[in-house]
Amino acid sequence: PASLNRMGTPGTVRAMSNVILRPFEPADTDWLVERHSTLYARDEGFDDTFGPLVRSILDAFCTEHDPACEQGWIAVEEGQRLGSIFCVRLDAETAKLRLFLLVPEARGKGVGRRLLERCMGFARDTGYAGMQLWTHESHAAACALYRRAGWTLTESHSVRSFGQDLVEQTWIYRF
């Protein structure tokens with residue numbers, strides 16, 4: 001199918017039929033911390049405080065998550081990890097979307113949409129009434145994906161985080 005590439009010109013989207021979404025395993029932790037740290041430093045200018053935050057989130061998930069209502073997924077194609085997404089309990093009614101990441105090679109190919117659909121489907125099927133996420137305005141492609149999926153931007157404010165001036169956003173979704 002035709003699509004627009006990064007330059008805004010028509011391109012071809014490669015089918016992602018070989019991509020599987022498998023459950024997160026603790027062995028994925030180092031890869032996720034490294035990819036978040038490297039990609040956010042390169043693309044957003046984040047400092048070295050971001051990696052430890054990602055590690056703390058993953059360490060807590062590995063030791064404390066309730067698999068009945070919290071789950072993480074890794075997108076994989078031919079043994080190569082392409083991205084992640086997590087659904088964690090915010091409160092009894094609300095799930096929180098966390099650690100949504102796509103490596104550059106996976107962007108624009110439908111992998112992010114599949115991850116988001118899996119996470120939202122799990123939250124809905126688990127009985128949550130809605131979901132919430134926190135992101136930055138600079139993540140335009142992710143924010144467009146959230147909007148297309150029916151999420152609503154509820155809060156936006158300027159902050160200084162990870163060595164950068166950012167605009168933090170909160171999005172919600174109701175089932």
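**Entry 1: a surface pair.** I looked up Asp125 and found that this residue is exposed, with a relative accessible area of 60%. I note that the model is predicted. Arg124 forms a salt bridge with Asp125, and their closest N and O atoms are 3.3 Å apart. I recorded Arg124 as partly exposed, because its relative accessible area is 46% and that class lies between 20% and 50%.

**Entry 2: other salt bridges.** I counted nine salt bridges. Asp165 and Arg160 meet through their side chains in one at 3.3 Å, N to O. Asp165 is exposed at 61% relative accessibility, and Arg160 is exposed at 59% relative accessible area. I then turned to Asp28, which forms a salt bridge with Arg22, with 2.7 Å between the closest N and O atoms. Are these two residues buried or exposed? I found both Asp28 and Arg22 buried. Arg81 joins Arg22 and Asp28 in a network of salt bridges.

Entry 3: I followed strand 6 (residues 94–102) to strand 7; the two run parallel and are joined by four bridges. Thr94 has Gly130 of strand 7 as its bridge partner. Together with helix 3, these strands make a right-handed β-α-β unit. Strand 7 also pairs with strand 9 (residues 164–174), antiparallel, over seven bridges. Met131 stands opposite Tyr173 of strand 9. In strand 7 (residues 130–136), I found five of the seven residues buried.

**Entry 4: the core.** I examined the largest nonpolar core, which has 51 residues; Leu115 and Met131 are among the members that touch the most others. Helix 3 (residues 111–126) gives the most to this core, with seven residues. Beyond its sequence neighbours within four places, Leu115 is in contact with residues including Leu21, Trp73 and Phe100.

Methods:
Residues numbered from 1 in each chain as written. Predicted model: local features only at pLDDT ≥ 70, side-chain atom pairs only at ≥ 80, totals over all residues. Heavy atoms only, no water. Core = buried A, V, L, I, M, F, W, Y, C linked by side-chain atoms within 4.5 Å. Buried < 20%, exposed > 50% of the residue type's maximum accessible area, 1.4 Å probe, protein only. Contact = heavy atoms within 4.5 Å. Pairing = 2+ DSSP bridges. Right-handed = clockwise from strand over helix to strand, strands pointing away. Salt bridge = Lys/Arg side-chain N within 4 Å of Asp/Glu carboxyl O.
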